[in-house]
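Please read the paragraphs below with the model open beside them.

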Amino acid sequence: MSSRARVLLLNAALGPLDYRVPHGMRVEHGSIVVAPLGPRQIVGVVWEEDRFPDVESVGDNRLRNLLEVVDAPPLPEPLRRLIEWTADYYLSPPAAVLRMALSSMSALEGARTVIEYRATGAVPERMTEQRAQALERIGERQGLIRELAMIGGVSDAVIRGLIKQDIFEPVEVSVDTPFPMPDPDHAPPALSEAQRAAAGQMADAVRAADFAPFLLDGVTGSGKTEVYFEGIAAAIRADRQVLVLLPEIALTEPFLERFEKRFGCVPVNWHSGLRQSERRRAWRAIASGQAQVVVGARSALFLPYPNLGLIIVDEAHEASFKQEDGVHYHARDVAVMRGLIEKFPVVLASATPAIETRHQVELGRYAEIKLPSRFGGAEMPDIHGINLLTDPPERGRWIAPPLVAAIDETMGRGEQSLLFLNRRGYAPLTLCRHCGYRFQCPNCTAWMVEHRLTHRLACHHCGHVIPAPRRCPECKEEDSLVACGPGVERIADEVKALWPQARTAIATSDTLWSPARAADFVKSVEGGDVDIIIGTQLVTKGYHFPNLTLVGVIDADLGLEGGDLRAAERTFQQVMQVAGRAGRGEKPGHVFIQTRMPESEVIQSLIDADPERFYAVETENRRRANAPPFGRFAAIIVSSEDADEAAQTARLIGKSAPVIEGMRVYGPAPAPLAVLRGRHRHRLLIHASRQVDIQAAIRGWLGNLAWKSGTRVAVDVDPYSFM
């Protein structure tokens with residue numbers, strides 16, 4: 001290695017910088033280093049000079065010395081190529097992508113143990129409101145002072161005060177204890193013939209150690225997890241690492257239990273709910289290759305695996321795999337690219353694959369493995385449509401008479417029901433019946449949503465919360481506030497009124513905010529402690545409840561509103577997935593879909609259980625509109641705290657749009673969500689044919705413009721949100 005190094009620092013505003021390697025220090029490409037930047041010290045990674053040919057070299061006499069090499073394995077060369085590709089494709093600074101690979105700063109520090117704290121069960125002499133809140137929210141959880149303060153929603157000082165009174169006790173935690181190794185031969189499952197053939201195909205691909213993208217397309221309950229577990233077993237036998245991506249952290253706990261039954265131990269976890277010490281331990285085990293199987297959210301995709309041999313993207317159709325802030329990447333597509341760069345198979349598993357994925361199968365780029373029937377003789381549920389125009393619920397109610405009758409029958413048989421409505425809280429809008437005042441978020445162009453369980457009004461976009469008021473802030477009239485429309489809490493109230501003896505559970509991200517809460521929910525349902533579940537999209541995937549035989553979709557049309565390109569596809573996927581929760585055991589299942597649009601293509605395809613018809617019509621609609629996967633979209637989002645500045649910058653960008661054959665620019669226009677977190681927003685939409693290099697066009701276009709420092713201009717390639 002030479003006496004100089006080009007370093008990519010964790011500062012998105014800077015490109016790579018050159019440094020001197022002091023005598024006696026050994027660095028290589030990928031080494032994680034600490035470098036001076038002005039008066040600060042900042043972490044970076046040594047990079048190949050020729051990967052940034054536009055960066056001018058600095059003379060040796062002007063170089064500053066690197067300060068140290070971090071005691072961690074260098075970032076592997078294929079991961080550096082993936083970081084470059086992601087930055088180039090999604091038009092993000094390479095440093096912003098690199099930050100995701102170095103997402104545990106504590107893993108780069110030397111400490112082998114840390115002091116965490118947990119509750120002793122004692123009660124403080126003086127119980128303040130903040131102390132009571134902290135103790136209730138923290139419960140039995142353990143963590144650093146800062147982590148406990150965040151969980152409790154209080155300041156560090158509150159936690160320190162409780163520690164002084166011995167309400168929390170210190171625990172020394174070893175952060176580098178090795179993880180147990182999964183055993184591929186621990187409990188091999190009894191597979192059906194179709195499953196065995198699918199598993200064999202996957203295991204062969206793992207052993208071939210070459211790029212092979214698969215769509216594992218199986219109906220709900222067909223045993224896709226058991227099939228890809230055999231691919232994981234083949235990778236473990238070949239001493240390769242495996243990554244399983246899940247769309248929601250609430251799904252990790254049921255997955256961990258299934259994995260432990262099959263392989264004798266739980267895999268390594270990676271998600272936002274981990275404590276700092278857990279993140280450090282997982283990151284170092286992954287980087288050293290000791291962590292054999294990792295299950296995590298989309299951010300686990302950029303971790304520095306030195307020996308990756310298989311990626312599984314479970315529920316691969318899920319929109320939550322698309323990151324909507326920071327680097328706007330789609331984990332499904334980046335996973336495929338990582339497999340291509342590092343030469344290993346990637347499995348996209350779904351009962352309702354995205355049209356983009358099906359198109360890749362049609363083009364012959366992805367191999368398809370189909371599981372057309374449920375495992376063990378279980379049948380797909382019967383699906384019935386309820387026309388709300390001809391068979392409406394009683395006034396002030398939301399559950400139509402045929403669904404009420406079906407729940408009565410299900411309760412009579414001692415079986416469980418699930419009511420699905422993809423809307424959190426009690427009601428989406430609260431207004432004053434006296435003066436018409438509507439509660440709107442002060443930071444966003446959005447209504448405040450009533451949450452009766454917590455006696456709050458909340459904005460679901462920025463998190464702003466206010467106590468539920470007794471009187472109207474405008475006309476001061478008491479008891480004049482009216483809830484408009486239903487959320488899951490309102491449906492739960494209706495269930496209580498109709499079936500007072502029923503045991504209910506509300507399953508949303510408000511109630512299942514951690515893997516532990518999700519695990520408690522699963523145990524209570526499996527143990528027969530719940531008669532009726534009322535849930536959002538969180539319950540549409542991954543859960544297997546053998547005694548759940550009835551699913552009711554309260555408002556199947558809800559997702560069809562608005563101008564979302566994928567609205568029909570997303571509605572179809574969600575309702576098919578939630579319908580798939582019914583009748584997964586020996587008992588037959590029934591699904592009731594409440595709709596005001598029974599003639600629409602989506603609803604007809606759902607009622608007829610005919611996905612091929614829906615996909616054929618929707619794919620043809622996309623082809624005619626030259627929409628993805630046939631054409632391409634990119635969005636430019638301009639935001640500023642100053643409304644005029646946001647509008648001016650958006651107009652400047654719009655006026656400067658290049659004229660390119662096969663590419664059209666629409667806008668600028670105020671975004672549907674015109675104010676978000678106090679920032680005024682404008683959008684431009686770029687629609688191009690596949691032949692246009694859309695990234696090069698945008699790079700050249702925006703690269704020639706300048707705007708004020710308080711204005712942000714974000715580019716979203718292949719957008720999933722049009723808000």
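Helix α13, which spans residues 488-498, has as its buried residues V488, E489, R490, I491, A492, E494 and V495, where buried means under 20% relative accessible area, exposed over 50%, and partly exposed in between (1.4 Å probe, protein chains only). The cover over these buried residues of α13 includes the strands β16 (416-420), β18 (449-451), β21 (481-484), β22 (504-507) and β23 (532-535). Helices (H or I, at least four residues) and strands (E, at least two) are DSSP runs, numbered from the N terminus. The model is a predicted one, in which local features need pLDDT of at least 70 and side-chain atom pairs count only at pLDDT 80 or more, while totals for chains, interfaces and linings use all residues. Residues are numbered from 1 along each chain as its sequence is written, and side-chain values use heavy atoms, with hydrogens and water left out.

Strand β8 (residues 212-218) is mostly covered, with seven of its seven residues buried. In a regular strand the side chains alternate between the two faces of the sheet. Strands count as paired if DSSP finds at least two bridges between them; β8 runs parallel to strand β13 (residues 345-350), to which six bridges join it, and F214 has V347 as its bridge partner in β13. Strand β14 (residues 367-371) is also parallel to β8 and is joined to it by five bridges, with K370 of β14 as the bridge partner of D217.

Another sheet is open and has five strands in the order β2-β1-β4-β3-β5, with antiparallel pairing. Its edges are β2 (17-20) and β5 (68-69), each of which has a single partner strand, so one side of each is left without a neighbour in the sheet. Within this sheet, strand β1 (residues 4-9) pairs with strand β4 (residues 40-47) in the antiparallel sense over four bridges, and L9 stands opposite G44 in β4.

The largest nonpolar core has 78 residues, of which I32 and W283 touch the most other members; such a core is a set of buried Ala, Val, Leu, Ile, Met, Phe, Trp, Tyr and Cys residues joined through side-chain atoms within 4.5 Å. Leaving aside neighbours within four places in sequence, the residues in contact with I32 (heavy atoms within 4.5 Å) include V43, G44, V69, L102, L108 and W283. Apart from this core lies another, of 35 residues, among them L512, F521, I533 and L538.

Two packed helices are described by the angle between their axes and the distance between the axes. For helix α7 (residues 224-237) and helix α8 (residues 252-263), the axes come within 11 Å and cross at roughly 55°, which makes α7 oblique to α8. Axes are lines fitted to C-alpha atoms, for helices over the stretch in contact, with angles running from 0 to 180 degrees between N-to-C directions; angles under 35 degrees count as roughly parallel, over 145 as roughly antiparallel, 65 to 115 as roughly perpendicular and the rest as oblique. Residues including Y228, F229 and I232 of α7 meet residues of α8 that include F255, F259 and F263.

Some backbone details remain. A cis peptide bond, with omega about 15°, joins G667 and P668, and P668 lies in strand β27 (residues 663-676). D166, although not a glycine, has a positive phi of about 65°; D166 lies in the loop between α5 (156-164) and β7 (168-174) and counts as exposed at 55% relative accessibility.
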